[in-house]
Amino acid sequence: MSAKSVTLTRSLASLLAGLALTSAASALPSCIEAQRKVDEANALRFQARQEARLGNHDRVCDTLDEVGDRYDDARDAFERCGEGVVAIDLRSELRGLRIAKKINRCD
């Protein structure tokens, strides 16, 4: 290989690496937001269990509705950052949430 082609190859590799890093960096905030929404949903589920132990039925249902909203937001954010597989995994969490609503007669 000539020095010219080596330089061209290195330049092309640098450009591609830069593009990959730029797209990964732009996706990162969406992924962080998605994880934050999942963490919020988990905290709210814990809160709903505590409310159920106290017998506050109305508050349990309101909290479970908030959990559903957080999961929906998380699913959308994971899809935006390219983590569609994680978004699909959230479907099982949403099924569990529907079961919890049914058990607590929230529908």
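1. Basis of the values. The model is predicted, and local features need pLDDT of at least 70, while side-chain atom pairs count only at pLDDT 80 or more and totals for chains, interfaces and linings use all residues. Residues are numbered from 1 along each chain as its sequence is written, and side-chain values use heavy atoms, with hydrogens and water left out.

2. Overall make-up. The protein holds 3 helices and 0 strands, where helices (H or I, at least four residues) and strands (E, at least two) are DSSP runs numbered from the N terminus; along the sequence the pattern reads α-α-α. Of the 107 residues, 26% are buried, where buried means under 20% relative accessible area, exposed means over 50%, and partly exposed lies in between (1.4 Å probe, protein chains only). The accessible surface comes to about 7,300 Å², and 57% of this surface belongs to carbon and sulfur atoms, the areas coming from the Shrake-Rupley method with a 1.4 Å probe and, for residues, only the protein chains shown counting as cover.

3. Contacts along the sequence. Among contacts (heavy atoms within 4.5 Å) with a separation of 6 or more, 62% are between residues 24 or more positions apart.

4. Helix α2. This helix covers residues 57–80, and its 24 residues reach 35 Å from the first C-alpha to the last, close to the 34 Å expected at 1.5 Å a residue; the expected span is 1.5 Å times one less than the number of residues. Its buried residues include Val60, Leu64, Val67, Gly68, Tyr71, Ala74 and Phe78. Just after α2, glycine 82 takes a positive phi of about 90°.

5. The nonpolar core. A nonpolar core is a set of buried Ala, Val, Leu, Ile, Met, Phe, Trp, Tyr and Cys residues joined through side-chain atoms within 4.5 Å. The largest one has 18 residues, of which Val38, Leu64, Val67, Tyr71, Phe78, Leu90 and Leu97 touch the most other members. Helices α1 (3–54), α2 and α3 (84–103) each supply at least two residues of this core, and the largest share, 7 residues, comes from α2. Valine 38 touches Ala74, Phe78 and Leu90, leaving aside residues up to four places away in sequence.

6. The structure holds 9 salt bridges, each a side-chain nitrogen of Lys or Arg within 4 Å of a carboxyl oxygen of Asp or Glu. Arginine 80 pairs in this way with glutamate 33, with the closest N and O atoms 3.5 Å apart; because arginine 80 lies in α2 and glutamate 33 in α1, the pair ties together parts that are 47 residues apart in sequence. Arginine 80 is exposed at 52% relative accessible area, whereas glutamate 33 is partly exposed at 28%. Glutamate 93 forms a salt bridge with arginine 45, with the closest N and O atoms 3.3 Å apart, and this pair ties α3 to α1 across 48 residues in sequence. Glutamate 93 is partly exposed at 33%, while arginine 45 counts as buried at 18%.

7. Lysine 101 forms a salt bridge with aspartate 65, with the closest N and O atoms 2.8 Å apart; lysine 101 lies in α3 and aspartate 65 in α2, so the pair ties together parts that are 36 residues apart in sequence. Lysine 101 is buried at 16% relative accessible area, whereas aspartate 65 is partly exposed at 38%. Salt bridges that share partners also join Arg36, Lys37, Glu40, Arg70 and Asp73 into one network.
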